[in-house]
Amino acid sequence: MRKPSIAASRNKFKKVLSQYVKHQGLDLEVTLKSGEKVTLSKMRKIEGDHVVSTTARGIQSALAIRDIQHLEVFVN
């Protein structure tokens, strides 16, 4: 059996990630390829190939989806 291509896997991951990003009742914690763990704020969206997270003070940060190694989802 053939393994799916890397591009197909990335597209599937992006699709699944976008479903979780839409739901503000979920807490999302991502582990980057560098090993750093980042918790995304409730105000988040996907723009192109980045996840943009906005804090309550209006500060935005963007994470490249390709840099995400692992996603953990917690129900609040």
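Reader: How many bridges join strand 1 to strand 6?

Author: Seven bridges, and the two strands run antiparallel. Bear in mind that this is a predicted model.

Reader: What stands opposite E29 in strand 6?

Author: E72 does.

Reader: And how many bridges join strand 1 to strand 2?

Author: Four, with the strands again antiparallel. Strand 1 covers residues 26–32, and strand 2 covers residues 37–40. T39 in strand 2 is the bridge partner of E29. T31 stands opposite K37 in strand 2.

Reader: What do strand 1 and strand 2 form?

Author: A hairpin, with four residues between the strands. G35 sits in the turn and has a positive phi of about 100°.

Reader: In what order do the strands of the open sheet come?

Author: The order is 2-1-6, three strands with antiparallel pairing. Strand 2 and strand 6 (68–75) are at the edges. Each has a single partner strand, so one side of each has no neighbour in the sheet. On average, neighbouring strands are turned by 25° against each other, direction ignored.

Reader: How many residues of strand 1 are buried?

Author: Six of the seven, so the rest of the structure largely encloses strand 1.

Reader: Now the core. Which residues touch the most other members of the largest nonpolar core?

Author: L17, V30 and L40. That core has 13 residues. Helix 1, strand 1, strand 2 and strand 6 each supply at least two of its residues. The largest share is four residues, from strand 1.

Reader: What does V30 touch, not counting residues up to four places away in sequence?

Author: E36, K37, V38, L40, L63, I68, H70 and L71.

Reader: K37 is on that list. Is K37 buried or exposed?

Author: Exposed, because its relative accessibility is 52% and the cut-off for exposed is over 50%.

Reader: What is K37 in contact with, leaving aside neighbours within four places in sequence?

Author: E29, V30, T31 and E72.

Reader: And how far apart in space are K37 and Q69?

Author: 10.0 Å, C-alpha to C-alpha. In sequence they are 32 residues apart.

Reader: Switching to charges. How many salt bridges does the structure hold?

Author: Five. In one of them, K37 pairs with E29, and the closest N and O atoms are 3.8 Å apart.

Reader: Which residues do salt bridges that share partners join into one network?

Author: E29, K37 and E72.

Reader: Is E29 buried or exposed?

Author: Buried, because its relative accessible area is 19% and buried means under 20%. E29 is found in strand 1.

Reader: What does E29 touch, not counting residues up to four places away in sequence?

Author: K37, V38, T39, H70, L71, E72 and F74.

Reader: Next pair. Which residue forms a salt bridge with D27?

Author: K42. The closest N and O atoms are 2.4 Å apart. The pair links distant parts of the chain, 15 residues apart. D27 lies in strand 1, and K42 lies in the loop between strand 2 and strand 3.

Reader: How do D27 and K42 count for accessibility, and at what percentages?

Author: D27 counts as partly exposed at 24% relative accessibility. K42 is partly exposed too, with a relative accessible area of 29%.

Reader: And which residue forms a salt bridge with K14?

Author: D49, with the closest N and O atoms 3.0 Å apart. K14 is in helix 1 (residues 6–22), and D49 is in the loop between strand 3 (43–47) and strand 4 (50–54), so the pair ties together parts that are 35 residues apart in sequence.

Reader: What is the relative accessible area of K14?

Author: 27%, so K14 is partly exposed.

Reader: Why can side chains like these pair at all?

Author: Side chains of opposite charge can pair when their charged atoms come close.

Key:
Residues numbered from 1 in each chain as written. Predicted model: local features only at pLDDT ≥ 70, side-chain atom pairs only at ≥ 80, totals over all residues. Heavy atoms only, no water. Buried < 20%, exposed > 50% of the residue type's maximum accessible area, 1.4 Å probe, protein only. Contact = heavy atoms within 4.5 Å. Pairing = 2+ DSSP bridges. Axes fitted to C-alpha atoms, helices over the stretch in contact; angles between N-to-C directions. Salt bridge = Lys/Arg side-chain N within 4 Å of Asp/Glu carboxyl O. Core = buried A, V, L, I, M, F, W, Y, C linked by side-chain atoms within 4.5 Å.
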